[in-house]
Amino acid sequence: MVPVNEPLLDGNEKKYLVECIETGWISSEGPFVKRFEEGMAARMGRSQGIAVANGSVALDAAVAALQLGPGDAVVMPAFTIISCAAAIVRAGATPILVDSDPITFNMDVRQLREKVLKATRGNGPKPKAIMVAHIYGLPTEMDPVLEVAREFNLRVIEDAAEMHGQTYKGKPCGSFGDLSTFSFYPNKHVTTGEGGMILTDDAGLADRCRSLRNLFFDKERRYIHQEMGWNLRMSNIQAALGVAQLERLDAFVAKKRHIGHTYTNLLKGIPGIQLPLERTAYADNIYWVYPVVLGRDVSFDAVEAVKRLGAKKIGTRHFFWPMHLQPVFQKMGLFAGESHPVSEMLCQRGFYLPSGLALTDAQMQETAEAVKEVIR
Ligand SMILES: *Cc1c(COP(=O)(O)O)cnc(C)c1O
């Protein structure tokens, strides 16, 4: 269970929610939806925003908007949330997995070109798109991704669900590629309870996303449908929260960065664990979560670490489980015989510390003490 990670009383959340109730605007037709879409688009340097029900369906809609399907392959990281691969597989397209960078956990872009080239020359589904997912706090290296996309004429979907307020070389995450997606789940930097958004600069794609969001109703004659869509609409109540939360994004990022520094200062020097990088050449870490990876010298794995910390009343969570090891995909015959050693190591050795916005310095100190005792 994830509670609201920060009291909602410090900003305009309550005021805007009351406005929804007093005006009677609660459905997706209400004015906050458009305001939230425009606010997100402006903040991320995009021209179009399409608010949807959550970050997972934002990916489904992005894949459907690009009309990816059987015979098409989408190159994506092995190490991410299942929503990425599920969107591709549900559309009938085929995911091609790339292993992770062991330090940033993002797709190892050095492997990307080779993967695309091999699939382009092979007999299987042909690469049509790259889906990147920025993991835990540092962005994927976008320049090499965009270069490969240009070279092979691939579309790019950017899953920026964990990256509100992050940048790559000074440019906002959520501004890269054909379509970018966000989540507003309560553990994300900006929350609407449940919610998501698609951003793009392409008016045609935006139009398709809006139709996909709303059952593909014909614009002239409602109840006639040229394609199948879904009901992915976000309510005005959710969007009201989103507008208020977005006003505070800079403060949230600053708090997350404070959490990151504080943990690193408390934990550095403990042998046997890898702490997250404070910055890379292209971005400062925004610590969506604070991830640690157990070194080879530590005799137990992340499941055991989570258990031992749980016994000390510290709630931690282990890392994502790589796509090629997912029973659901194995049963479908996907990824047979594949190995992605870095993501396999990460899922065995990685876990993240309590990282919610409401965290106090005292709680971080307690957590750090517990980690020291457990690792020793
Ligand atoms: C949270 C998350 C999602 C899914 O968002 P929901 O709103 O929970 O559906 C997708 N991708 C990444 C990388 C995420 O962290």
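User: Where in the chain is the place of Gln67?
Analyst: This is a predicted model, and the placement of Gln67 is described relative to its helices and strands.

User: What is phi of Gln67 near, and is Gln67 buried or exposed?
Analyst: Most residues other than glycine have a negative phi. Gln67 has a positive value although it is a residue other than glycine, with phi near 55 degrees. Exposed means over 50% relative accessible area, and Gln67 has a relative accessible area of 54%, so it is exposed.

User: Which loop holds Lys313, and is Lys313 buried or exposed?
Analyst: Lys313 also has a positive phi, of about 65 degrees, although it is not a glycine. Its loop lies between helix H10 (302-311) and strand S12 (317-318). Because its relative accessibility is 76%, Lys313 counts as exposed.

User: How many residues does the largest nonpolar core have, and which element gives the most to this core?
Analyst: In soluble globular proteins, nonpolar side chains tend to be buried together. Here the largest nonpolar core has 49 residues, and Met131 and Tyr136 are those with the most contacts inside it. Two or more residues each come from strand S1 (48-52), helix H3 (55-65), strand S2 (72-77), helix H4 (82-90), strand S4 (126-133) and helix H7 (203-213). With eight residues, the element that gives the most to this core is H3.

User: What percentage of contacts between residues at least 6 apart in sequence join residues at least 24 apart?
Analyst: Buried residues make up 55% of the 376 residues in the chain. Among the contacts in question, between residues at least 6 apart in sequence, the share that joins residues at least 24 apart is 69%.

User: How far apart do the centres of the positive and negative side chains lie?
Analyst: The chain exposes about 16400 Å², of which carbon and sulfur atoms supply 54%. As for charge, there are 42 positive and 42 negative side chains, and the centres of these two sets lie apart by 2 Å.

How values were computed:
Residues numbered from 1 in each chain as written. Predicted model: local features only at pLDDT ≥ 70, side-chain atom pairs only at ≥ 80, totals over all residues. Heavy atoms only, no water. Buried < 20%, exposed > 50% of the residue type's maximum accessible area, 1.4 Å probe, protein only. Contact = heavy atoms within 4.5 Å. Areas by Shrake-Rupley, 256 points an atom, 1.4 Å probe, with all protein chains shown as cover. Lys, Arg positive; Asp, Glu negative; His and termini not counted. Charge placed at Lys NZ, Arg CZ, Asp CG, Glu CD. Core = buried A, V, L, I, M, F, W, Y, C linked by side-chain atoms within 4.5 Å. Helix = DSSP H or I, 4+ residues; strand = E, 2+ residues; numbered from the N terminus.
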